Amino acid sequence: MAKDDLIVESFFGLGAGCWMFYSGFKGLRLKRLIEEIPTSKVRSAAMGTVELAGTASPVTPLIDPLYQKPCVFYRIKVEEERGSGKRRHWVTIHTADSSNRPFWLQDETGRALILPAGADTRFKTDLCAKTGIFASDPVATRYIISVAGSSLSSRRLTAEIIREGDPFYALGYACPMEEPMGKAESVSRRFTLPFHELARRLKADPAKMKALDKNQDGSIDAEEWEEGLRKFKQKLEVEAALEKPAAEAPRPAVSGICVRQSPEGLLLLADTAERELVSSMGTSAFLMIFLGPVVTVAAAAYLAWKFKLLPGSGPMPLPEAP
């Protein structure tokens, strides 16, 4: 490695060490917050910061682009290795995720809507595969070629996919929501309309208004108007009866809340139990708190020696001639 490269990496190490130290304490605070907040049942969850645990289920059908199977959430990343020698590094060339698609977190008491945008996700990696002679997954290889074309460069794909029924954990900000209607309820509301709404819809249709004028005198009298409204209402009721499904699967009770990112930016989602999540976060936080200062001190010491800021740094003096 060239000397200039080592100097650049030492400056990078200074920043990285400080960032690791800060991130370690940030992770430790988050770990303690998780431990302090009791897990709520969906039905009894209060507004504000809340911790929920249950299983994931979709609001609307969602298919993951990798395996083409139903899912609740997916995130796929394709990277390509670039550079040469010790400068080789991975560059992201394709991403696909469903962070804009809400889904349900469901427990035995009900379900809450999860809005995953902006979340700190701690999902297990379902697939990590590379292309090349020793490609580990043909599905991943086909997907990489389909989104990024073929290449002689080494590529890798990582995928996080949440399926319906997978265990799910959420720590975020709970706020009220309006429960999405089932099909039967939607049909019923659409055709069970108040008088003024029936009149408005009838007037908005010129063809129907023209048909009300039975005597073709160019005006609609009170009798023609009442008869027209009565028939219009009957027509809507018949349509409702035809469209209404014979039977709907029973839906679980709904808490009427959604969980999203708080004003302070707090939204943590994971597909593991709280105990496992807390354990991994604690290990990671303590490791970063320990390694951060080590990396910072090592980088600072090298730079101080390199720029002769320490006593005895720089080239050693030659011994004097006798």
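Strand E1 (residues 48–58) and strand E9 (residues 167–176) pair in the antiparallel sense, joined by 8 bridges. Two strands count as paired when DSSP finds at least two bridges between them. Helices (H or I, at least four residues) and strands (E, at least two) are DSSP runs, numbered from the N terminus. Within this pairing, alanine 53 stands opposite tyrosine 169 in E9. E1 is also joined to strand E4 (residues 103–107), by 4 bridges and again in antiparallel fashion. Here alanine 56 has leucine 105 of E4 as its bridge partner.

A word on the source: this is a predicted model, where local features need pLDDT of at least 70 and side-chain atom pairs count only at pLDDT 80 or more, while totals for chains, interfaces and linings use all residues. Residues are numbered from 1 along each chain as its sequence is written, and side-chain values use heavy atoms, with hydrogens and water left out.

**The open sheet**

Now to another set of strands. An open sheet of 4 strands has the order E3-E2-E8-E7, with antiparallel pairing. Strand E3 (89–97) and strand E7 (127–130) are at the edges with a single partner strand each, so one side of each has no neighbour in the sheet. From one strand to the next, the twist averages 15°. Strand E2 (residues 73–82) is joined to E3 by 8 bridges, and glutamate 79 has threonine 92 in E3 as its bridge partner.

Helix H2 (residues 138–148) lies across E2, E3, E7 and strand E8 (155–162), and runs at about 105° to E8. Contact here means heavy atoms within 4.5 Å. Axes are lines fitted to C-alpha atoms, for helices over the stretch in contact, and angles run from 0 to 180 degrees between N-to-C directions.

**An aromatic pair**

The structure holds 4 aromatic pairs (ring centres of Phe, Tyr or the six-membered ring of Trp within 6.5 Å; planes under 30 degrees apart are stacked, over 60 edge-to-face, the rest tilted). The rings of phenylalanine 73 and phenylalanine 123 have centres 5.3 Å apart and planes at 65°, so this pair is edge-to-face. Because phenylalanine 73 belongs to strand E2 and phenylalanine 123 to the loop between E6 and E7, the pair ties together parts 50 residues apart in sequence.

**Cavity and pockets**

Rolling a probe the size of a water molecule over the atoms shows where empty space is left. On a 1 Å grid over the protein atoms alone, a cavity is a set of points where a 1.4 Å probe fits but cannot get out; a pocket is an open set with protein on both sides within 12 Å along at least five of seven lines, and lining residues have an atom within 4 Å of a point. Grid points are joined across faces, edges and corners, and a volume is the space filled by probe spheres set on the points. In the table, Ala, Val, Leu, Ile, Met, Phe, Trp, Tyr, Cys and Pro count as nonpolar, Asp, Glu, Lys and Arg as charged, and the others, Gly among them, as polar.

| Space | Volume | Lining by class |
|---|---|---|
| Largest cavity | about 40 Å³ | 7 nonpolar, 1 polar, 1 charged |
| Largest pocket | about 450 Å³ | 8 nonpolar, 7 polar, 4 charged |
| Second largest pocket | about 190 Å³ | 4 nonpolar, 1 polar, 7 charged |

The structure holds 1 cavity of 30 Å³ or more, and the residues lining the largest cavity include Pro58, Cys71, Arg101 and Phe103.

Of the 19 residues lining the largest pocket, Lys26, Gly27, Leu30, Asp120 and Arg122 lie nearest its centre. Helix H1 (3–36), strand E6 (120–122) and helix H7 (274–306) each supply at least two residues of that lining.

The second largest pocket has 12 lining residues, with Leu212, Lys214, Glu227, Gly228 and Lys231 nearest its centre. Helix H5 (206–212) and helix H6 (222–243) are the elements giving two or more residues to this lining, and H6 gives the most, with 7 residues.
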